[in-house]
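Reader: Could you take a close look at one part of this protein for me? I'd like to hear about the site that the database record marks, and what sits around it.

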Amino acid sequence: MKGPVLGMWQRGMGPELLRGGVVTSAMWRSRIGSSRAMAAGTKRKFKSLMCCNRGEIAIRVFRAATELGMRTVGVYAQEDRHSLHRYKCDESYQLADSITPVGAYLDIDNIIGIAKDKNVDAIHPGYGFLSENSNFAKACEENGIAFVGPQAKVLRLFGDKTEARKLAIDAKVSIVPGSPGPITNLEEAREFVEGKNGIGFPVIVKAAHGGGGRGMRVVFDPVEFSESVSRAQSEAEKAFGDGTVFIERFVHRPRHIEVQVLADGTGDVVHLYERDCSVQRRHQKVVEIAPASGLPDKVRETLWNDSVRLIKNSAYKNAGTVEFLIDQSGRHYFIEVNPRVQVEHTVTEEVTGIDVVQSQIRIAQGETLKEIGLEQDKIQLRGYAIQCRVTTENPANNFLPDYGRIDAFRPGEGMGIRLDSAAGFAGAVVTPHYDSLLIKVTAHALEFTKAAEKLRRALLEFRVRGVHTNIPFLKTVLNHPVFLQQQMATDFIDAHPELFVFPPQRDRANKILRFLAENVVNGHPMPGPDKTKEPSQLLPVVPIYDPNEDAPNGWKQVIDKEGPEGFAKAVRKFPYTLLGDTTWRDAHQSLLATRMRTVDMASIAPATSRAFSGLYAIECWGGATFDVCMRFLREDPWQRLHHLRNLVPNVPFQMLLRGANAVGYTSYPDNLVYEFCKHARQGGVDVFRVFDSLNYVDNLLIGMDAVHKADGVVQGEICYTGDVRGTPRKDKYGLDYYLNIADQLVNKGSTHVLGIKDMAGLLKPESARELIGALRKEFPNTPIHVHTHDTGGVGVASMLACAEAGADIVHGAIDSMSGTTSQPPLGSIMESLRQRENWPSKPVKTGKHAIHLPESEKFFELHDYWDTMRGHYAPFEQGARSTSVDVFEHEMPGGQYTNLMFQSQSLGLAKQWKEVKKAYADANRILGNIVKVTPSSKVVGDLAQFMVTNKLSGDDIVERADSLDLPRSVVEFLQGQLGFPYGGFPEPLRGKVLRRAQLEPLKTRPGENLPPLDFKALKERLVEKFESAQKHGLQISDTDVVSAALYPSVFDDFKHFQQVYSEEVTHLPTNVFVHPMEVGQEFFFSIEEGKRLYVKLLSVSDQLDANGRRDVYFDLNGVPRLVKIADREAAKHMDTKPIERIDSLNPAHVGASMPGTVVDVRTSVGKRVEKGEPLVVLSAMKMETVIAAPRAGHVKRIIAEVGNLVANEDLLIELRLD
């Protein structure tokens, strides 16, 4: 026997029903009559009821039974031992272990045994699992237990969709053309579809037993047919324990409408109107609506009548759903009867006021519909209801299921909102073993659009952290005009790709907690801090100011209105010496290893703009701060600039530009320097201090021209070294040297301001008078700016001497951030100049502008703030503790002094610091007594450390240079990569070094022959590289492209950090950023305007879990949060192998795209694979996903093993790319 005949025989229909393989109306009506007679008069009051299901439907049943006065009994699998449904009943019992977690809920004997042992009167199967299993219903009957659902014979009929089609034909209900019976093999399937009389493509392959979209595949292309049949059978077997499938013609763009019915087994049937289930994905319903709108009344009534007639003809008892497709012409086709309660029964309950589940139970007790009070003419509709299924699926990753612990759960509630859930709470664990449904959200209102608005509002209130959800997608669906106009068909989601465009989920709070937990368990990743120095916990006092009162206008307004040239003229005409403040850049670079964070500058920025409105400029950007922002502080330097600019609208911002090296340490294509300056100017930089580390004018002119093109203020700088007054050793850099360079900067570079950059603090007062006096005489119309360090203790005297000699601007730092390797104290300079120049208390007019000179009282408030804040950076205080005149010997720049001390400690040379300083002077000697400022100072520093480490003198280096592997920076300098030093390169050292390195010396400017950078191509590569980061809201901007071009590896690492820990780490208070939190410590911070987070560290587990992780518990805004962090040090001593995660920047890493179980590994080590070739098959929540090779190559390593439970982004395979 074949086809439907065999199907009926196997399901116990009996040979008496067979007439040539056809079920006749008379035969079926005969069975119906006897069934109705059996059903009539059988009444029984249940005292206890079991639900042999899990999750939200089990809870729904328990609630209904409790309201009916029944004792409720639940069951659960081992994997569900922490599930909420076991606590929502009066009693719950663990099911026997099974081969699979799903199998536990399919174990009929075990469930019946528990029910009998616990004196259960009735069993409600819920939906899924055993709800449509006729053998289970029969077992209940045989054991004297009422089955809350249709009779076993009816389940056999409707459980086999091929038999249901037969009954529909007999009841004169139209059906979709399809296979006459179940498909037993692939050849039979092909013949039915592609044979002589085949129905042709497209077709839909459907599981014969079950629903919910599982075991279902639509096939348009014959090439995909075999794989689709196989996959459908596999999913059906896993979901329902039966891999039987059948095939139907695929109706294009239909609406999916279903009618809810109730029957009492006496022949009385009522409908509860219809539901629209057209919004589907992968044939699984996503949004359900009751009633369906936009249906012609005739079609609607036909659906009701057909449903009632079909159910009456089947001797049906209990609740069921008759499902139809309606094509574009309005024709309807029966597709199936679901003989159980549906997931979406909630919308029907909301619009009719009828409790479907309680009705099921009462019918199972033997009550008739009339006794329950259900008569068709009394069942009325009231308004509209819409239900969304919130699932743990990631819409940004092809809706792949996710699982794990829910760290935070905040639902949307309110009038007209109904929630049905079993895992909707913080701490719930979503497993990969079952359906991904998290919670059902149902909205009810009198109008459809109002119901949609309520539902959308509720979803907006939801906050779920720890697992991905489809909420972002649901919100776009509910807001789509096609949905709101009720014009969608089953292809609605596929036909509207814009539904998948939604704001990225940043998950900021969880990522920040992960960063804090990482610090607690493994320490701060930033190198350099002295762990013996505790950061201060004192909070600085921010000066009070009126935020509604604008800051006074300053020199920024002069630049904006008069332009760079007008600004320079106004500065030169100003009758008093102007001050520049370096606290936000060079001061902390020199004292605190450049570790000052934006949040601490931003806190004092508004007060600074008011107290220092008359400053020439605030130096806040460029130089070493650019890469340190990304490298160590994990901040975007461009965002720092924008943020500070918004807070200080009135004072010019000044940056340090390394000429043709921009803010890097090497040579770059010229167009990159121009692009950098353009964006820096647009971002808020006004004054560019352009210098070259060797005073190499060709490099300087490139940077100056780039600033001119960007319409910035060009401040051409000459780096000061030696002593202008001359000594036998240092007469290389005499007065003529500086005048010559100044002439080129003024006449060739058209500098707006001429600057002297004394990076080591070598400019003594008398030398200052001589140098500045000569420059003022030579260039009477050009403003002069002087910058120095106070390492030798002469900074204040020198700046006053410069002012006396004609300098227009001098630099200093807030007193609490000044001295030693930093700049001289600004307060001391200010008060001295105030007395000497008799500063007025009123604003000083300069053209159309009024400038307020700094006031002492307001200055003191800034001083106090930085005095406290500096203590937060105590672990980074590594510089000189006092001034030292030995700087005039070693000539080490102030900024380098701190950083070189850091490096020396890291290299184990802390106790040899004096030797390092001496070696620095010796290294400078053999390199030709060069100008020393980043990056040339790094060359000298690297060589000095090399000399001390290897116990070599300068003469040793020169003698043995052809046999030594010198630091790379030294080799590149001698090749000419930094430019050409005054007086030329030292010989024979240069020749020996280059011969050993097999390098030819450069003969032209280093960047001159570099090809222009293709910014568009670089951006495309970055977008591709950081595709996953963009899903978290981290977009690739034009300034990102510039950063990546300047510091490729630093930028990559920085973006990876942001992806893992979020951008909002920048908002953390410094004391918890640089130092691990202590248990019990609490703090707060804002991640944006009006959003403040309160964080408290509750505990850290002493024990490691099996994967070497510690549990770190926080309290976030009053809600407990758990973060699991691998203890890297402790894990080294564990026997278990730590979990490997993909490196998102490594294209050779193939990771899990969803959580699940590895069910197949389709490759082997050494095998060549092509792009797109299947490598691993994962299964989760009854869905299989194939992980394919992202690129072509060979399999280097296989981490995945069949049976492994993997998380999203766990490493599965490592390739060796072509």
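**The annotated site, up close**

Author: Lys161 has a relative accessibility of 2%, so this residue counts as buried, the limit being under 20%. Keep in mind that the model is predicted. Lys161 is found in helix H8, which covers residues 161–170. Why start there? The unreviewed UniProt entry places a "binding site" feature at Lys161, Glu248 and His283, and such annotations may be inferred rather than shown by experiment.

Now to Glu248, which belongs to strand E8 (residues 245–249). Glu248 also counts as buried, because its relative accessibility is 2%. Who's around it? Setting aside neighbours within four places in sequence, Glu248 is in contact with Arg165, Val176, Pro177, Gly178, Ile199, Val203, Ile204, Lys206 and Ile335. With one of these, Arg165, there's a polar contact: the side chains of Glu248 and Arg165 meet at 3.1 Å.

Arg597 lies over the face of Phe1073, 4.1 Å from the ring centre, and the charged end of Lys757 sits over the ring of Phe691, at 5.1 Å from its centre. There's also an aromatic cluster formed by Trp621, Phe626, Trp638, Tyr665, Phe676 and Tyr1047.

Technical notes: Residues numbered from 1 in each chain as written. Predicted model: local features only at pLDDT ≥ 70, side-chain atom pairs only at ≥ 80, totals over all residues. Heavy atoms only, no water. Phe/Tyr/Trp six-rings, centres within 6.5 Å; stacked < 30°, edge-to-face > 60°. Lys NZ or Arg CZ within 6 Å of the ring centre and 35° of its normal. Helix = DSSP H or I, 4+ residues; strand = E, 2+ residues; numbered from the N terminus. Buried < 20%, exposed > 50% of the residue type's maximum accessible area, 1.4 Å probe, protein only. Contact = heavy atoms within 4.5 Å. Polar contact = N/O pair within 3.5 Å; in protein donor to acceptor, adjacent residues only side chain to side chain.
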